[in-house]
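Here are my notes on the model you passed along.

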Amino acid sequence: MIPLCVPNIDEKEMEMVREVLESGWVAHGPKNEQLERDFAEYIGTKHAITLNSCTSALQLAIQAQGLNGEIILPSFTFVASANSIVTAGCKPVFVDIDYDTCNIDPSKIEEKINDDTVGIMPVHYAGQSCEMDDIMDIAEKHHLVVIEDSAEAIGAEYGGKKTGSFGIGCFSFWATKNMTTGEGGMLTTDDDGLAEQVRTLRGHGISSTTWQRYKERRPWIREAILPGYNYRMSNILAAIGIVQLKKLDEMNEQRRKHAEYLNKRLDFEAIEIPVESKKCKHVYQMYTIKVKVDRAKFVLGLREKGIGASVHFDPPVHLNPYYMNLGYRKGDLPVTEKVSSSIVTLPMYPQLRREELDTIISSVEDVLSDVESKDP
Ligand SMILES: Cc1ncc(COP(=O)(O)O)c(C=O)c1O
């Protein structure tokens, strides 16, 4: 069995977790501060704020700025991107994607901008940055906030700059991401005021953390200045994040090597391999192909052979029941819908061995000929 993804955890993470458990400080604490410093330096932003998920980061990015109106995003994404807009009190407005990269098509953004538009949420799909030059130009021209959903692109670059450093960056450390803490997220920004607001909202609207108060020896003073949440990451998970971040570049390099190997050998008429854009450094959080055969038969055929193939994402967000109730219909976003019905995710993680990559390739070949021979 070759699963879709396996987290890259070794002795170093175990040692760090043991150190935290033995320290007795298991909730949000000093490891969070260290991970925040390390991550901000890695991404190239002034602030990085640990959170319990990327969904929380996206929601707080909107709420902390008091945004109220429409936010433009692709529908070809995980539903959390749009959900965060709704839970933050704004309205998601979907724009179609570019067929090759599967990222939001900048040429289709301006036609959706009106007086109610307050922001753009580019989603860096599967490990590749959106066309950030075009998106930042549009945002500047129309005075819009940019919130990057970089859940799937930790370490990805556009024009030599890391994703999450263009607008407000939102990252996920969920189990299958480029680095993981099991559950977890991060928000990055250069804006001091926004960072302060996010930190406050993260911990019940209280402007200092328990760890800060403990260090100052006045742990009993807890003043809520906002009705906040508990969106904190624990010290235990932050400790895992510190080790994972140190390994991130190496893990991403492995992913890139595996993708290059697969790209060269998945040379079949019925398959389109992923496209890396000129200005981008793709970090292949997922390795996705488009197939011209019956997608369900293809995925099930691979799974029967022990290849953990899957689909990301179908249905696209606008065709989920909740979003259809907002008025979206089939046919509204033709490129998104075409990609959604043909996309397939193959296993991708740093530890994949050459023999396993070869097994994936030969299984794809076998299943393709099987499905093609049964097609009318
Ligand atoms: C594009 C995108 N946005 C948001 C999320 C949500 O991340 P989290 O599970 O950390 O809330 C995910 C995770 O799968 C994602 O892929």
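**Notes on the model**

1. Let's start in a loop: P315 sits between helix 9 and helix 10. Keep in mind that this is a predicted model. The peptide bond between D314 and P315 is cis, with omega at about 0°.

2. F313 is placed in the loop that runs between helix 9 (295-304) and helix 10 (321-324). I'd flag both spots because most peptide bonds are trans.

3. Next, the backbone phi angles. C102 isn't a glycine, yet its phi is positive, about 65°. You'll find C102 in the loop linking strand 3 (91-95) to strand 4 (117-120). Is C102 buried or exposed? C102 has 25 C-beta neighbours inside 10 Å, so it counts as buried; the cut-off for that is 20 or more.

4. H204 goes on the list too: not a glycine, and a positive phi of about 65°. Look for H204 in the loop between helix 6 (192-202) and helix 7 (210-216). Its surroundings put H204 in the partly exposed class, because it has 15 C-beta neighbours inside 10 Å. In general, most residues other than glycine have a negative phi.

5. Now the ligand. Which residues come nearest to the ligand? Out of the 14 around it, the answer is S53, C54, T55, A151 and S172. As for secondary structure, helix 3 (54-63) and helix 4 (79-87) each put at least two residues into the shell.

6. Stepping back to the whole chain, the protein has 12 helices and 13 strands. The C-alpha trace spans about 75 × 55 × 35 Å along its principal axes. The radius of gyration is 21 Å, which agrees with the value near 21 Å for a compact globule, because that is what the rule gives for 376 residues.

7. Two last numbers on packing. Of the 376 residues, 50% count as buried.

Note on methods. Residues numbered from 1 in each chain as written. Predicted model: local features only at pLDDT ≥ 70, side-chain atom pairs only at ≥ 80, totals over all residues. Helix = DSSP H or I, 4+ residues; strand = E, 2+ residues; numbered from the N terminus. Rg over C-alpha atoms; globule rule 2.2 N^0.38 Å. Buried ≥ 20, exposed ≤ 12 C-beta atoms within 10 Å, placed from the backbone. Near = placed C-beta within 6 Å.
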